[in-house]
Amino acid sequence: MADTKREIERKYESDESGLPDLTGVAGVVSVIDKGVAELDAVYYDTPDERLAAASITLRRRTGGDDAGWHLKFPVSSGVRDEIQAPLSETLPRDLAGLVRSRVREAELVPLVRLRSSRDVRDLLDADGALLAEVSVDAVHAERLTGGGRTAQWSEIEVELADDGDPAFLDKVEKKLRKAGVRPSASPSKLARALRETEAPKKGKAAKGKAEKDAVAKGGQGKKGKKGRKGGGGAGKPGGAAEHVLAYIRVQRDAIVELDPAVRRDLFDSVHSMRVATRRLRSTFKSYGKVLDRTVTDPIGDELKWLAGELGLGRDHEVLAERVTEALAQMPESLVVGSVRTRVRTWVEAGSSGSRRALIAALDGERYLALLRTLDAVIAEPPLLKGAGGDPEKVIGKAVSRAFGKVSDLVEEALAQPSGAERDLAMHEARKKGKRARYAAEAATGLLGAPAKRLVKDMKSLQSLLGDHQDSVMAREALRDLAFQAGQAGESSFTYGVLYGREERRAELAEAALPEAWRTIRADSAF
């Protein structure tokens, strides 16, 4: 099983003078010589270096006290998450899954071998606790493909102790700079090794390398030279298409980048990936005058499938939080019978198996096919005549159409009496509000303040209508729980009280809608 740690470190250039005296660093009471460790690491990547293009490193290392497989994801400058797995001959399955959205069907091959003699010092405080580990690494790099070029250098690495204060690294750096040591120009050993062992680029070879790098950075397959023409045909992307495709590319990249976070079950990752799929699907629909919907609608269907897989446990989780919180706020005198036990069982049953199903979906061929299709629609977009039109006119009309659909549904909801028909109209207005919001998001760089105002207004509308829809769903769940309780001979009183409170929340949302909508209409330029 893989373990994860947050790695916070800084790298510095080093020469023959080695490591300066660090006993004067504020907070350091002793510097302990830990000796020299011999490390031997082989770094793996696709032949076109897709992981390196995303600043992701994957290595199999022997020597030292953490021999094994190490996979590192960038978090911010000098900060990476390192996932470690025990030493084995082949890449562990869970680590392979974490790079799948980047690697796709490509083979992971040994790319670079780094052998390092690491002279280690521990910086300790007055209590003998570790503040940081400082090492001087004599590195020998060998390119394992393309002629086996080599490079050698020495560097100083300062890694903060687990749960240490990052400000301590500033103190160490101040001391190092006074001694003439300067930060490294490379963010990692691998980045430097790749740069210094790269074969010289000449003529066509240089052009091919540039094209390969562009593909690797996008995580795409080989790009065509001409845009695919759909409908009326519009040639290469430009005009309105340029803005729409830029937004689509951002969402495609978000799905690829969030994939490992979803697999690691990091906070908000599932929700964020689901939002990216919704943004893509909405954009394809909103900008049907730019991109041929006979091509994009099937992609939208696949995005809907992925959103559904991501939402298997998410929707129940949100609903469960609402019901659980409402129950926790209820006076004890109104909690009759084994309500908490039944609600807890319902919560656990809803989440059971959903995560396993999600990972299975991400490991499946259908998901990879969707990623390939998104790559293709960006590389060779199915452009229509409107793609080359005046951007402000084409995109402005698309946003206006999206807002008009929201307006129709809100007016329909306001005209309905309270009940199932109004609930449905408000729910449909909420969904169209999301589409209008995403259409406006894609237009902010072009239309400026009016599009930004619409994004803000649609968020506000979504919040109001979303609370109403959550109330509708909560009442359905409470009705089912009350029925189950009755079947088991338990009191359904508490569920009835909760149901009444949810009804009141819905009434308040409905009462607030007319004024909120008048404000939005007055604010909108569309």
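A search of the whole structure, which is a predicted model, returns 57 salt bridges. Among these, Arg 80 is paired with Glu 9, with 3.2 Å between the closest N and O atoms. Arg 80 belongs to strand E5 (residues 79-85) and Glu 9 to strand E1 (residues 3-13), so the pair ties together parts that are 71 residues apart in sequence. Both Arg 80 and Glu 9 are buried.

A salt bridge is also formed by Glu 49 and Arg 143, where the closest N and O atoms are 3.2 Å apart. Glu 49 is located in the loop between E2 and helix H1 (50-53), whereas Arg 143 is in strand E7; the pair therefore ties together parts separated by 94 residues in sequence. Glu 49 counts as buried because its relative accessibility is 13%, under the 20% limit. Arg 143 is likewise buried, with a relative accessible area of 7%.

The side chains of Lys 72 and Glu 82 form a further salt bridge, at an N to O distance of 3.2 Å. This pair links strand E4, which holds Lys 72, to strand E5, which holds Glu 82, across 10 residues. Both Lys 72 and Glu 82 are buried. Lys 72, Glu 82, Arg 80 and Glu 9 also take part in a network of salt bridges, whose members include Glu 7, Lys 11, Arg 59, Arg 118, Asp 137, Glu 155, Glu 157 and Lys 189.

Aromatic pairs number two. Tyr 44 is in strand E2 (residues 30-45) and Trp 69 in strand E4 (residues 68-76), so the pair ties together parts 25 residues apart in sequence. Trp 69 is buried, with a relative accessible area of 2%.

In helix H11 (residues 354-362), the buried residues include Ser 354, Leu 358, Ala 361 and Leu 362. Viewed down the axis of H11, the buried residues fall within an arc of 95°, so they line one face of the helix. An α-helix has 3.6 residues a turn, so residues three or four places apart point the same way.

Leu 130 is placed in strand E7 (residues 130-143). With a relative accessibility of 39%, Leu 130 counts as partly exposed. Beyond its neighbours within four places in sequence, Leu 130 contacts Asp 122, Leu 123, Leu 124 and Ala 161. The C-alpha atoms of Leu 130 and Ser 492 are 57 Å apart, at a sequence separation of 362 residues.

Methods: Residues numbered from 1 in each chain as written. Predicted model: local features only at pLDDT ≥ 70, side-chain atom pairs only at ≥ 80, totals over all residues. Heavy atoms only, no water. Helix = DSSP H or I, 4+ residues; strand = E, 2+ residues; numbered from the N terminus. Buried < 20%, exposed > 50% of the residue type's maximum accessible area, 1.4 Å probe, protein only. Contact = heavy atoms within 4.5 Å. Phe/Tyr/Trp six-rings, centres within 6.5 Å; stacked < 30°, edge-to-face > 60°. Arc of directions from axis to C-beta. Salt bridge = Lys/Arg side-chain N within 4 Å of Asp/Glu carboxyl O.
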